Amino acid sequence: MKKLTRIALAGALALMSSTVAHAAGEVNIYSYRQPELIKPLLDRFTKETGIATNVLFLDKGLVERIKAEGVNSPADVILTIDIQRLTEAKDGGVVQPVKDNALINKDIPASLRDADGEWFGLTTRGRVVYASKDRVAQSEITYEELADPKWKGKICIRDGQHAYNIALFASMIAHHGADYTQTWLTGLKNNLARKPDGNDRSQAKSIMAGECDISLGNTYYVGLMMTNDKAPEEKEWAKSIKVLFPNVKDRGTHVNVSGMALAKNSPNKANALKLMEFLASVEGQKIYAEQVFEYPVMTGAEPSAIVKSFGTIKPDTIALTEIAKHRKQASELVDKVGFNEGPSK
């Protein structure tokens, strides 16, 4: 009996030790990014470090949730989909600065990280035009042209209030002013084939089905569709479209960022910094490029062969922080012109 008790006690102590070690080997991620998009990165990080990753995906309300959790928030790292989410996290007071970490700062250009060290850009992606290979002959386009009546009934798009579209519309305000952008949005709305709906991938599906000829979408979705063995129908959607980089002859194509920040009350700060270092490393950037099909921010890092096959992107040089200033106004204009109501009858 005593022998059995000792064995049971030893087992309990081993379990307790394992639990403590596991708790010490975690990092908690609050993410605006869909889990499947970051899984290759997190799997590699865990393989190399032994640190387990826990992901909470939120498509909205992330900052509000962390505020509500207060000092007991389990969030360690925040991953976002665009500049607005990054600035919201900073302005909301839910992040803390990382200034003295050379591994994070050295390879991310200053223009793509916060001056106070409270957020860091990790990748860029272009907001491009998906065009039917069969029905669209032209090889160049501009955002301004999307309001041209020649496209009437030929454009499909996702919700006008989605972060990806709001960022583009805000960039139009930054370049042309609110009055021009309102007129442009009205023209774009009148050219829609239907009410805004779906996501970027489903716009490619609609093009293949002949419901529209062009749409707006992010570059990385094309690569994801082209390589999607789990949903092979998406490969057919991708085959039906070509990527047009808008405004290559003037200001360049609108780009946005994915990014990261260290949560203000991170309970696993050391592990959080290790994850941030990994995401900013050569290896992390390579995975972003090869498996997530985004443009790495590291100087000299190359996009994947698939992304290169789309053509050469010329990024708009306007500061993303400048674009972020106009997002509220862009959102208001979307409602003002009734964009999500679709084309006028």
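**Aromatic pairs.** I looked up ring pairs in this predicted model and found 4 aromatic pairs. Rings of Phe, Tyr and Trp (its six-membered ring) pair if their centres lie within 6.5 Å; planes under 30 degrees apart are stacked, over 60 edge-to-face, and the rest tilted.

**F169 and W184.** I checked the ring centres of F169 and W184, which are 5.8 Å apart. Their planes stand at 75°, so I noted the pair as edge-to-face. I then placed F169 in helix α6 (residues 163-176) and W184 in helix α7 (residues 178-190). The pair therefore ties together parts 15 residues apart in sequence. Helices here are DSSP runs (H or I, at least four residues), numbered from the N terminus, and strands are E runs of at least two. Both F169 and W184 are buried. Buried means under 20% relative accessible area, exposed over 50%, and partly exposed in between (1.4 Å probe, protein chains only).

**F169 and F339.** I found that F169 also pairs with F339, edge-to-face, at 5.7 Å centre to centre and 65° between the planes. F339 lies in the segment after α15 (327-336), and F169 in helix α6, so this pair ties together parts 170 residues apart in sequence. Both F169 and F339 are buried. I wrote down one cluster: ring pairs link F169, W184 and F339.

**Charges over rings.** I looked for NZ of Lys or CZ of Arg within 6 Å of a ring centre and within 35 degrees of the ring normal. R33 lies over the face of Y220, 5.8 Å from the ring centre. The charged end of R85 sits over the ring of Y32, 4.6 Å from its centre.

**Ground rules.** Residues are numbered from 1 along each chain as its sequence is written, and side-chain values use heavy atoms, without hydrogens and water. Local features need pLDDT of at least 70, side-chain atom pairs count only at pLDDT 80 or more, and totals for chains, interfaces and linings use all residues.
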